[in-house]
Amino acid sequence: MERPVFISTILLSLSLSIAAPQVVSGNGWGHGNGNGHGNGNGWGQGNGNGNGNNNNGDFKKIAVPNPEAPDFGAIFNWGLKLRNVDELFLIAGHGAHDSNGQIMFPGDAVGQTQYILDHFDEYLDDAGYDRKDIVRIEFTMTTDVSDGEFNAILGLFADYFAPVNIKPAAGTLRIVDALAIPGMLVEYEIWCAK
């Protein structure tokens, strides 16, 4: 299966561009003085004793385009800088299965992807996050996913991230022979920060 065919098709269908770094800021996030541990610049550090939760900084996501790479700006950024991060939330790979492990939409990678995306927002909300907080996404799919399904999947992700100003960075697309549960064709991991 030749993945470069996908890339050229996607480039034709997703003609959005990132001309300059984009910045999104939030209030109340970051590091501050007060109940921290130690001195310096780093995660959760402040001045004094305690846990470093007195945040006076601003959380920022900065997209860093790569002019030497194809533009996938509708789905992900080639680089993403995070400043003044208060919390990092790593989410294990999600497949299209119910709580009993029953695969939804067997044999349909696009249906499985839509099922996963339909449930991400609820999962994020329950953890106190939103899709705008996604900073990295990892794609894994089996060799059974066709070229057409792959392009449709990227279209679903473009739609999912359409309301997000700064798209996440993406990990390497992994193509595997099989995933953990028989019939599972796709799996997506996401990282969030705020």
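Is D125 buried or exposed? In this predicted model, D125 has a relative accessibility of 56% and therefore counts as exposed, the threshold for that class being over 50%. The residue belongs to helix 2, which spans residues 109–126. Together with E122, D126 and D130, D125 forms a negative surface patch.

Side chains of opposite charge can pair when their charged atoms come close. Across the whole structure, 5 salt bridges are found. One of them joins D121 and R131, with an N to O distance of 2.3 Å. This pair links distant parts of the chain, since D121 is in helix 2 whereas R131 is in the loop between helix 2 and strand 5, 10 residues apart. D121 is partly exposed, at a relative accessible area of 27%.

E138 takes part in salt bridges with R136, at 2.7 Å (N to O), and with R174, where the closest N and O atoms are 2.9 Å apart. R174 lies in strand 7 and E138 in strand 5, so their pairing ties together parts separated by 36 residues in sequence. Through shared partners, R136, E138, R174 and E189 are joined into one network of salt bridges.

K61, in strand 2 (residues 59–64), is buried but has no salt bridge. The nearest side chain of opposite charge, that of D133, is 6.2 Å away, whereas a salt bridge requires a separation within 4 Å. The K61 side chain instead reaches the backbone oxygen of K132 at 2.5 Å, and a polar atom of this side chain lies 3.2 Å from the backbone oxygen of I166.

Conventions
Residues numbered from 1 in each chain as written. Predicted model: local features only at pLDDT ≥ 70, side-chain atom pairs only at ≥ 80, totals over all residues. Heavy atoms only, no water. Patch = residues over 30% accessible without salt bridge, like charges linked within 9 Å, V, L, I, M, F, W, Y side chains within 5 Å. Areas by Shrake-Rupley, 256 points an atom, 1.4 Å probe, with all protein chains shown as cover. Lys, Arg positive; Asp, Glu negative; His and termini not counted. Charge placed at Lys NZ, Arg CZ, Asp CG, Glu CD. Helix = DSSP H or I, 4+ residues; strand = E, 2+ residues; numbered from the N terminus. Buried < 20%, exposed > 50% of the residue type's maximum accessible area, 1.4 Å probe, protein only. Polar contact = N/O pair within 3.5 Å; in protein donor to acceptor, adjacent residues only side chain to side chain.
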